[in-house]
Amino acid sequence: MSHTAELIAVGTELLLGNIANTDAQTLSKELSALGINVFYHTVVGDNPERLRRAVEIARSRADLIITTGGLGPTCDDLTKNVLAECFGKKLVYNEEAAQRMEAYFRRLHPDTGAMTENNYQQAYLPEGCVPFQNDWGTAPGCGFVSDGVRVVMLPGPPSECGPMFRARAIPFLAECTDGVILNRSLRVFGMGESAVEYQLRDRMNAMQNPTLAPYAKEGEVELRITAKAEDEDSAQAMIAPVEAELRELLGELIYGADVDSLEQVCLGLLKEKDLTLASAESCTGGLIAKRMTDLPGSSAAFRGGVVSYCNEVKNQALGVSQALLDQYGAVSPQVAQAMAEGARKLMGSALALSSTGVAGPDSDERGNPVGLVYVALAWNGGVHVRELHCAGSRSRIRTVAASHAFDLLRRKLTGLSL
């Protein structure tokens, strides 16, 4: 039997756009891995009547309903009350849940152990449910089955929702699974989504299981192969020939499988080869360094960076000659080269990346157009400069430029042509 799920996120702050519904993304991925199809995402404000209608619609088209949010101590936390009413259940005080909350507040406030009275409403759970102990916050979750529908209630904070689903809800849903859905993600840099889709359109339209879908990222493309099978080994066997065909077609444009970013791949290669990296940035404003240092363990390979936004810093910190700046201007391949070489010398690194260009919204004083960017990679005995003509917003130009810098590094470290 194939099971279908609907996710209902409760919270007016979601509708207002004050926070993003990241719980839905997390849970959809987790349910996909369990082989449970998610057909609908619903977001409802803190209104009992609208939530009631959403639940009634969900139970008419799904056999698994998962709610997030609305389990807290305030007057607008109404999820349990409405769900219990919809499924004809009473709310029953759970002494163990109350004691766990009291212990949580004692740890949080060791001097007073203070827990306000309204927190106790979180201890009321639908009769006959399976309580989900919350080791990541206060509000317990729960699960129950009624009229052939499984209901799971989870707290809204992402730091609680994801861990509770994995540790508490998955065992509850164990009988609800029907095979597995496995994904393989190939990351592509150097070809836009429309060009990738054009090359793969006939293949994608002809595929049913596994399936292939492109997802546009900023400046790159993710190709996701999805297979549904009885077990993981069977799903892997279905994915393998599709991946092989894509690698044959796209070759070195594929920079990794099941990875998050170019910089993640670059950091792994730097560590593997025991090499160090530095950066010198102008138009990217420190984005190359930020993307590196966002990665855990980057200190093993990244030595540091200079944001040389004005010519004086390029000259005084990086040693770019004033004559070079005067003759060619800051936005030039000559200055990009000198910046990378200067950063490598300054930081004592094996390699260095640089960027200089016009991110917009206006052209520079020499008339260079918005989107003209030079990125460079320097190493012992050589340097390579790439000229870019980027389109889009200031933010996109900076992001794409930084990605091109990492692509240079990735290619150098893997022996590909620059």
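Mentor: Let's take the pockets, then the cavity, then the packing.

Mentor: This is a predicted model, so local features need pLDDT of at least 70 and side-chain atom pairs count only at pLDDT 80 or more, while totals for chains, interfaces and linings use all residues. Residues are numbered from 1 along each chain as its sequence is written, and side-chain values use heavy atoms, with hydrogens and water left out.

Trainee: OK, what volume does the largest pocket have?

Mentor: About 650 Å³. A pocket here is an open set of points on a 1 Å grid over the protein atoms alone, with protein on both sides within 12 Å along at least five of seven lines; a cavity is a set where a 1.4 Å probe fits but cannot get out, and lining residues have an atom within 4 Å of a point. Grid points are joined across faces, edges and corners, and the volume is the space filled by probe spheres set on them.

Trainee: And which residues are closest to the centre of the largest pocket?

Mentor: Of the 23 lining residues, those are Lys29, Asn183, Ser185, Glu222 and Arg224. Helix H2 (22-33) and strands S9 (180-188), S10 (211-217) and S11 (220-229) each give at least two residues to that lining. Helices (H or I, at least four residues) and strands (E, at least two) are DSSP runs, numbered from the N terminus.

Trainee: How does the lining of the largest pocket split by class?

Mentor: 8 nonpolar, 7 polar and 8 charged. Ala, Val, Leu, Ile, Met, Phe, Trp, Tyr, Cys and Pro count as nonpolar, Asp, Glu, Lys and Arg as charged, and the others, Gly among them, as polar.

Trainee: What about the second largest pocket?

Mentor: Its volume is about 370 Å³. It has 25 lining residues, and Glu13, Gly69, Gly70, Gly156 and Pro157 are the closest to its centre. Helix H1 (12-15), H2 and helix H6 (158-172) each supply at least two lining residues, and the classes come to 9 nonpolar, 10 polar and 6 charged.

Trainee: How many cavities of 30 Å³ or more are there?

Mentor: The count is 1. The largest cavity holds about 60 Å³ of space, and its lining includes Leu7, Asn21, Asp23, His41 and Thr68. That lining divides into 6 nonpolar, 4 polar and 1 charged.

Trainee: Switching to packing: which residues have the most contacts inside the largest nonpolar core?

Mentor: Leu270, Leu277, Leu351, Leu353 and Leu409, in a core of 36 residues. Such a core is a set of buried Ala, Val, Leu, Ile, Met, Phe, Trp, Tyr and Cys residues joined through side-chain atoms within 4.5 Å, and buried means under 20% relative accessible area (1.4 Å probe, protein chains only). Helix H14 (394-414) gives the largest share, 9 residues.

Trainee: What does Leu270 touch?

Mentor: Not counting residues up to four places away in sequence, Leu270 touches Leu275, Leu277, Met292, Ala301, Leu351, Leu409 and Leu413. Contact means heavy atoms within 4.5 Å.

Trainee: And is Ala289 buried or exposed?

Mentor: Buried, with a relative accessible area of 17%. Ala289 lies in helix H10 and touches Ser279, Glu281 and Phe302, again leaving out residues up to four places away in sequence.

Trainee: Last one: what comes just after H13?

Mentor: Gly348, which takes a positive phi of about 65°.

Methods: Buried means under 20% relative accessible area, exposed over 50%, partly exposed in between (1.4 Å probe, protein chains only).
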